[in-house]
Amino acid sequence: TTIVPANYDNEYTNALPSANIRFHIADDMQLRFSASKTITRPSFSDLSPAFTLIPGQGQGSGGNPDLEPLKADQLDASYEYYFSPTGSIYLAGFYRKGKGFIFRRSSRQTIDGIDYVLQQPVNGEDGDIKGIEVGGQTFFDFLPAPFDGFGVQANYTYIDSETPSAIEGITTPLPNLSKNSFNISGLYENAGLAIRVAYNYRSKFLGSLYGLPLTDGGSQIIPVYRKGYGWLDASINYDLNENVTLTLEGSNLLRTREFTYFENITRPNNISIDDRQIMAGVRFNF
């Protein structure tokens with residue numbers, strides 16, 4: 001077997017400007033605006049020029065040294081109102097224009113007289129992500145002790161996205177990104193005791209695309225979704241003194257069920273239940 005070195009040259013120059021502006025409308029209100037350009041470089045494995053070939057199966061995979069970084073134009077704006085020393089609300093909007101999303105795609109190539117279906121990363125088309133978020137937090141410090149230690153924190157996010165997929169010519173929502181999500185937390189902090197109970201919910205989201213083989217040799221592309229779900233966590237911290245803290249944490253207290261399905265909920269793919277986890281500990285400060 002003759003080993004031939006592979007040499008590739010690729011270079012690029014990017015200007016990444018950013019700007020942030022804040023306007024004080026009043027002592028308790030302000031507006032924020034920001035704009036920036038960013039890049040996310042491919043991983044070293046994605047840039048590798050090496051291929052792994054399996055002649056008996058006609059399959060292969062490898063990297064792509066000609067990959068360009070994922071570029072994004074970002075715009076953000078928010079309104080913030082601080083109605084008390086411990087309370088605030090905000091409304092924010094954001095927009096992302098992604099250029100050159102990286103996906104692994106298959107192509108047919110002939111190497112040493114053998115036909116292969118090769119999987120390698122490529123730069124896809126442009127995509128958009130936009131959304132709004134509203135939220136706030138406050139402590140009820142106007143209540144008499146010890147109830148003045150209670151508080152609440154909450155937010156809601158709506159996101160709309162359209163990005164290229166691993167299947168050329170097909171656009172989808174950004175995988176693993178829900179259109180609707182919210183978080184709400186109950187808080188208590190007083191006399192060295194800190195309690196937090198948090199419930200997080202996200203609506204259904206796209207997990208992947210599945211190619212269903214057809215009798216004519218083609219395939220039907222079917223989206224695989226995960227059903228929306230909620231997640232409950234809680235924690236208790238108590239300071240015995242300035243240097244010792246007792247901790248108790250619970251994760252996934254509702255034993256959330258994972259349910260994925262093909263295209264619509266009547267075509268199930270997988271059902272599983274995540275573990276409930278309880279952890280106790282002691283934290284020391286020296």
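Reply: Start with the pocket. On a 1 Å grid over the protein atoms alone, a pocket is an open set of points where a 1.4 Å probe fits, with protein on both sides within 12 Å along at least five of seven lines; lining residues have an atom within 4 Å of a point. This is a predicted model: local features need pLDDT of at least 70, side-chain atom pairs count only at pLDDT 80 or more, and totals for chains, interfaces and linings use all residues. Residues are numbered from 1 along each chain as its sequence is written, and side-chain values use heavy atoms, without hydrogens and water.

Me: Which residues line the second largest pocket?

Reply: Among them are Ile-159, Asp-160, Ser-161, Lys-204, Phe-205 and Tyr-225. By class, the lining has six nonpolar, three polar and three charged residues. Here Ala, Val, Leu, Ile, Met, Phe, Trp, Tyr, Cys and Pro count as nonpolar, Asp, Glu, Lys and Arg as charged, and the others, Gly among them, as polar.

Me: Which strand supplies the largest share of that lining?

Reply: Strands (E, at least two residues) are DSSP runs, numbered from the N terminus. β10 gives the largest share, three residues.

Me: Which strands pair with β4?

Reply: Two strands pair if DSSP finds at least two bridges between them. β3 runs antiparallel to β4, with four bridges. Ile-54 stands opposite Gln-59. β8 runs parallel to β4, with three bridges. There, Gly-60 stands opposite Leu-118.
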